[in-house]
Amino acid sequence: MNIETQDMEFNVRRLAADAGTFLSRAVQFTEEKFGQAEKTELDAHLETLLSRAESTKHWTEKIMKQTEVLLQPNPNVRMEEFLYEMLDKKVPMRANNHELLGESMIDSGHEFGPGTAYGSALIKCGETEKLLGSAEKEFIQSSAINFLTPFRNYIEGDFKTISKERKLLQNKRLDLDAAKNKLKKARVADARSAELNSSPPLGEEYVAHFSYMLSILHVRWLKAETELRIAQSEFDRQAEITRLLLEGISSTHAHHLRCLNDFVDAQAAYYAHCYQYMIDLKKQLGSFPSTFSNNNQPAGSSSASISVPTAQPAASLPAPPPSQTSPALNELRSTSGTRKARVLYDYDAASSSELSLLADEVITVSSVPGMDSDWLMGQRGNQKGKVPITYLELLN
């Protein structure tokens, strides 16, 4: 029972001491705000380190946020992933946009028929889109591990430690300044007592009382000096701890630089893979036979085939195919008449003097004296402009 009573008394005294310390800090902080108390300033080097730490925290958080937006633009998915992380559960695997598009292309290609030009192209494009989706997942995973995780560890680990020690330094600074003010007041009271002591005594009773008061003031002054030395020692120790932690920011920057290099390497690899996938796809699409059919007719059927030249800039059009060097074309050029022509495939006009074309449409063409031999004048209703011969099939 005695032990329990002693523990209770110790806890009460400790609680009272903590409350007194908190009150002393609150009073000191308030008086500083109103300019009624002096404030110990930190040395310039420590202030610079503190500012550098705050700047590092600010920009690290901002880079993290923007990287997360880059890797996952959908805010709802980001929130879902955050909740899974908070619950310490694995995020379920889901297809990304490239993979979803790839699946749709492959399914539609099988629907139209793998033996048709369009169906085969859809399947090849779909397979490439799925490869792009896999590359994107690999890039996101690599970036999360090698870039985002180290940045997050700094914010949630190292900087929290720095903030804790910085708060302790602020408390020790308030304790130091409170001790300085207390000693200052004790010295003023001691000086006043010394002045009164120099006056002639008024009586033995007064002298005894005055001597007692002097001794009390002297004890308080000695106590204030002791508290100041302790507060100064604790403040210096905490300042050194905080300084050592803050000087570690240079190592943090070096580590983040390595993480940044890893992120750039991951981006370079990702875009290189994507570029290679698209180059391979272009080669596959360009390797189709020179004939193609409509979507419901296999490429090997007996229907009339149509030559599909590769679209080139207007300044470097290929020579007309043999079918275009027919007497009909020579007749068109030698007369001022017109002729109907069917467009073989789409053509986007490169300037206002040209006419855009849509595959399979029929337009009216004519030859204009002085025009380049690779071009004819085309007309569709009220629209008129130059058209390349290689994109046309003259009709009888």
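# Close-up views

**View 1. Val343 stands opposite Leu392 in strand S5.** This is a predicted model, so a word on the ground rules: local features need pLDDT of at least 70 and side-chain atom pairs count only at pLDDT 80 or more, while totals for chains, interfaces and linings use all residues. Residues are numbered from 1 along each chain as its sequence is written, and side-chain values use heavy atoms, with hydrogens and water left out. Helices (H or I, at least four residues) and strands (E, at least two) are DSSP runs, numbered from the N terminus. S1 and S5 run antiparallel and are joined by three bridges; two strands pair if DSSP finds at least two bridges between them.

**View 2. Five strands make an open sheet in the order S4-S3-S2-S1-S5, with antiparallel pairing.** At the edges sit strand S4 (383–388) and S5, and each of them pairs on one side only. On average, neighbouring strands are turned by 40 degrees against each other, direction ignored. Those axes are lines fitted to C-alpha atoms (for helices, over the stretch in contact), and angles run from 0 to 180 degrees between N-to-C directions.

**View 3. Now for strand S2 and its partners.** S1 and S2 run antiparallel and share five bridges; one to look for has Ile363 in S2 as the bridge partner of Ala341. On to S3: here S2 pairs in the antiparallel sense over three bridges, and Val365 has Gly378 in S3 as its bridge partner. Four of the five residues of S2 are buried, so this strand is largely enclosed by the rest of the structure. Buried means under 20% relative accessible area, exposed over 50%, and partly exposed in between (1.4 Å probe, protein chains only).

**View 4. Asp360 lies in the loop between S1 and S2.** Its phi is near 75 degrees, a positive value in a residue other than glycine. Most residues other than glycine have a negative phi. Asp360 is also exposed, because its relative accessible area is 53%.

**View 5. Helix H8 lies across S1, S2, S3 and S5.** Against S1, the helix runs at about 135 degrees. Which residues of H8 (residues 327–334) are buried? They are Ala328, Leu329 and Leu332. Seen down the helix axis, these buried residues fall within an arc of 100 degrees, so they line one face of H8; the arc is that of the directions from the axis to the C-beta atoms. An α-helix has 3.6 residues a turn, so residues three or four places apart point the same way. On the other side of H8, Pro327 and Ser334 are exposed. The cover over the buried residues includes strands S1 (338–343), S2 (362–366), S3 (375–380) and S5 (392–394). Contact here means heavy atoms within 4.5 Å.

**View 6. The largest nonpolar core has 33 residues.** Inside this core, Leu46, Phe139 and Leu246 have the most contacts. Helices H2 (44–71), H5 (117–197), H6 (204–247) and H7 (249–286) are the elements that give two or more residues to it. H5 supplies the largest share, 15 residues. Apart from this core lies another, of 18 residues, among them Val343, Leu355, Leu357 and Ile363. A nonpolar core is a set of buried Ala, Val, Leu, Ile, Met, Phe, Trp, Tyr and Cys residues joined through side-chain atoms within 4.5 Å.

View 7. Not counting residues up to four places away in sequence, Leu46 touches Leu169, Ala239, Arg243 and Leu246. Thr242 is found in helix H6, and at 1% relative accessibility this threonine counts as buried.

**View 8. Last come the aromatic rings.** Rings of Phe, Tyr and Trp (its six-membered ring) pair if their centres lie within 6.5 Å; planes under 30 degrees apart count as stacked, over 60 as edge-to-face and the rest as tilted. By this rule there are nine aromatic pairs. Phe147 and Phe263 are stacked, at 4.5 Å centre to centre with 15 degrees between the planes. Phe147 lies in helix H5 and Phe263 in helix H7, so the pair ties together parts that are 116 residues apart in sequence. Phe147 counts as buried at 3% relative accessibility, and Phe263 does at 10%. Tyr154 and Phe159 form a tilted pair, 6.1 Å centre to centre and 55 degrees between the planes; both are buried. Ring pairs also link Phe139, Phe147, Phe151, Phe263, Tyr270 and Tyr271 into a cluster.
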